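Here is a friendly briefing to read alongside the structure.

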Amino acid sequence: MSILHQKFLHGGDYNPDQWLDRPDILEEDLRQMKRAGVNVVSLGIFSWAVLEPEEGKYDFSFLEERIEALYNNDIYTILATPSGARPMWMAYRYPEVLRVRADGVKEQMGGRHNHCYTSPVYRKKIWELDRRLAEKFAGHPGVIAWHISNEFGGACWCEKCQEAFREFLKEKYGSLEALNREWWTSFWSHRYDCWEHVQAPAPHGENATHGLNLDWKRFCSRQTADFCAWEKKALEAGGSVLPVTSNLMGFYDGLNYTDFRDVLDLVSWDNYPEWHSGEKSDAALAVETACAADYMRCIHGDRAPFLLMESTPSVTNWQRISRLKRPGMHMLSSLQALAHGADSVQYFQWRKGRGGSEKFHGAVLDHDATTDTRVFRDVAQVGRRLEGLEEICGSMVRPKAVILFDQENRWALEDSFGPRVSGIHYMETIQAHYGALWRLGIPADVIDSGSSLEEYRLVIAPMLYLLKGDIAERLSHFVEQGGTLIGTYQTGLVNENDLCFEGRVPHDMTAVFGLHREEIDSLWDGQSNHTCWNGKEYKLTELCERVYLSTASALAVYQEDFYAGEPVLTVNSYGRGRAYYMAARAGMDFLQDFYGKTAPQAGVLPCLKGVFPEGVTVTMRTKGDREYLFVQNWNPGDAVVIPEEELTDFETGEPVEGQMWLAGYEVRILVRGNCG
């Protein structure tokens, strides 16, 4: 039986191919891994040049030796396909595998992801290597999964990619007439008269046709996912039935990760927050990290546990400023991932390399390889603690609140050229609404607009500018059946091709919100309006819509400017549910007060009743009739939590009564025995 989701995985990227001339180091690795509580490694991620040193000549001996040695020491392997970095011989023998930049210049050999996902040569070469790897290792009891490539990203403008893009467009639109209509190419006389004239957006060419820009991003994302699927098929051709994963990067804007939903069997996440930055509090960063974790968990529709594939045990070397993790932060940030559904804590990397661009990136073992360090002790402590949490592994996170984040909506909104060219702040808005729930201890999923809404009671859809498929109909049906919907300004303005709707907006949702929008006022940075709700005044910034009510009721109005007295916060009864509309951007003070009232009314409650200071939150996983509550203190100083119910400390078995003290950056796990 695979250990996936049976026990928490603890380990990281392991690159023994950098130390093949040092068998003493390889043996020492095994001894130190056991001391650190490592039970899994990701192996072979950048090993193509060792696995195929010459074209057609394969040497898997180092993998064979390491996988066997690891397994004999109770350490499992997630075996990588090495497509994330091609060997030197390939670039010079087959230059077509190298990418072409947007300006038309072909890249030289170098960097990491500098290969064309469309290239037949690149696909043929990686197919042959992957197939052979699967034939050799898929049946080894120490290999538990495949890690396909590494941190997919980037695009290629070569002619093969241009041709594939045109085929993508032909399949989507069917005719040039339809494409011209949806892209509105009569503007500036940019109408296409043959398919060969369609070129990807470029700085020296077409880049202001929004439908083109959006479809190019879609194509690049789907072509990348198709390359991932190609590798998976190669592994299956080699006889593998093992699950496959690839390390995704949270809210990375270069790909739409939902394109990988049907390709990956497991979702993996690389997580590198800038803790202790000085620009944001650790609690504010924890909100962003938690939001990304919940998005990763929801890539698969079943919201199954995911893997934390990469994190740093100490510092990074590529961030603007690389600060050390303060005492306690490594444990807290590692268990935060668990709290949001991860079944692993893994690092980049096990041992620091001596050269290259990441020679100073944090690792479990530094260049001196000693274990008498704070970092090694922190890692070993996490390993020991995970062993005691085995019961929680495989448990689920099942919130009743959800936030709609859609990558294609993000692309379109940020390319919309107005109403705020200086910053539309879609991502920040998503995180603000999520952060309000986080501060209240209310868990939330983060899903795209194509996902099911059936299990939720509260749906939050900030700035849903682009409407894809039947999302407007499904949101209306959700409210009609008794759900609570929160919408905001900049909702329902364009179709899936970034073409403005005719008629009133929000398109197909004027009935559910009971209003329509007339115009929107853009405020300069530093300018503001105000509103009063429930006896408290709040500042409004950036965007202020003027809306007209049909069946909705105004809960708050603008206090200033020529639209003073007009609605800014509304509610509309629709079927058995309610739809709220926020016509302007409000701050965290309003959002927290608003959700503190409306979420419980929607049947969405905090994980834990009690009194919580600023910077302390609770997240919950469930299994059967057990609920596991992760109480996290993101403050550097002590905090006191006062639970208003009887609970048990999961790790000590002691009852928790009255005040519960948390040291700075401490996390405690409580258990509630009956979900009923």
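Is the crossing of α1 and α3 left-handed or right-handed? The crossing of α1 and α3 is right-handed, where a right-handed crossing has the near helix turned clockwise from the far one by less than a right angle, and a left-handed one anticlockwise. This is a predicted model, in which local features need pLDDT of at least 70, side-chain atom pairs count only at pLDDT 80 or more, and totals for chains, interfaces and linings use all residues. Residues are numbered from 1 along each chain as its sequence is written, and side-chain values use heavy atoms, with hydrogens and water left out.

**Helix packing**

- Helix α1 (residues 23-35) packs with helix α3 (residues 61-72) at an angle of about 30°, and their axes are 11 Å apart; helices are DSSP runs of H or I with at least four residues, strands are runs of E with at least two, and both are numbered from the N terminus.
- That angle makes α1 roughly parallel to α3, a term for angles under 35 degrees; axes are lines fitted to C-alpha atoms, for helices over the stretch in contact, and angles run from 0 to 180 degrees between N-to-C directions.
- On the α1 side the contact (heavy atoms within 4.5 Å) is made by Leu26, Glu27, Leu30 and Met33, and on the α3 side by Glu65, Arg66, Ala69 and Leu70.
- The residues of this contact of α1 with α3 comprise 5 nonpolar, no polar and 3 charged, with Ala, Val, Leu, Ile, Met, Phe, Trp, Tyr, Cys and Pro counted as nonpolar, Asp, Glu, Lys and Arg as charged, and the others, Gly among them, as polar.
- Helices α8 (residues 210-237) and α12 (residues 407-414) pack at about 145°, with axes 10 Å apart, and their crossing is right-handed.
- Leu214, Lys217, Arg218, Ser221 and Arg222 of α8 meet Glu408, Trp411 and Ala412 of α12 in that contact, which has 3 nonpolar, 1 polar and 4 charged residues.

**Pocket and cavities**

- The largest pocket holds about 910 Å³ of space; on a 1 Å grid over the protein atoms alone, a pocket is an open set of points with protein on both sides within 12 Å along at least five of seven lines, a cavity is a set where a 1.4 Å probe fits but cannot get out, and lining residues have an atom within 4 Å of a point.
- Among the 33 residues lining this pocket, Met249, Phe251, Tyr252, Tyr272 and Pro273 are the closest to its centre.
- Elements giving two or more residues to the pocket lining are β6 (266-270), α9 (282-297) and α13 (426-439), and α9 gives the most, with 4 residues.
- The lining of the largest pocket divides into 12 nonpolar, 8 polar and 13 charged residues.
- There are 6 cavities of 30 Å³ or more, and the largest cavity has a volume of about 180 Å³; volume here is the space filled by probe spheres set on the points, with grid points joined across faces, edges and corners.
- Pro273, Trp275, Thr312, Ser314 and Lys325 are the closest to the centre of the largest cavity, out of 18 lining residues.
- The lining of the largest cavity has 6 nonpolar, 9 polar and 3 charged residues.

**Backbone geometry**

- Most residues other than glycine have a negative phi, and most peptide bonds are trans.
- The peptide bond from Phe348 to Gln349 is cis, with omega near 0°, and Gln349 sits in the loop between β8 (344-347) and α11 (374-387).
- Gly418 and Pro419 are also joined by a cis peptide bond, with omega about 0°; Pro419 is in the loop between α12 and α13.
- Trp188 is not a glycine, yet has a positive phi of about 60°, and lies in the loop between α7 (176-183) and α8.

How values were computed
Angles under 35 degrees count as roughly parallel, over 145 as roughly antiparallel, 65 to 115 as roughly perpendicular and the rest as oblique.
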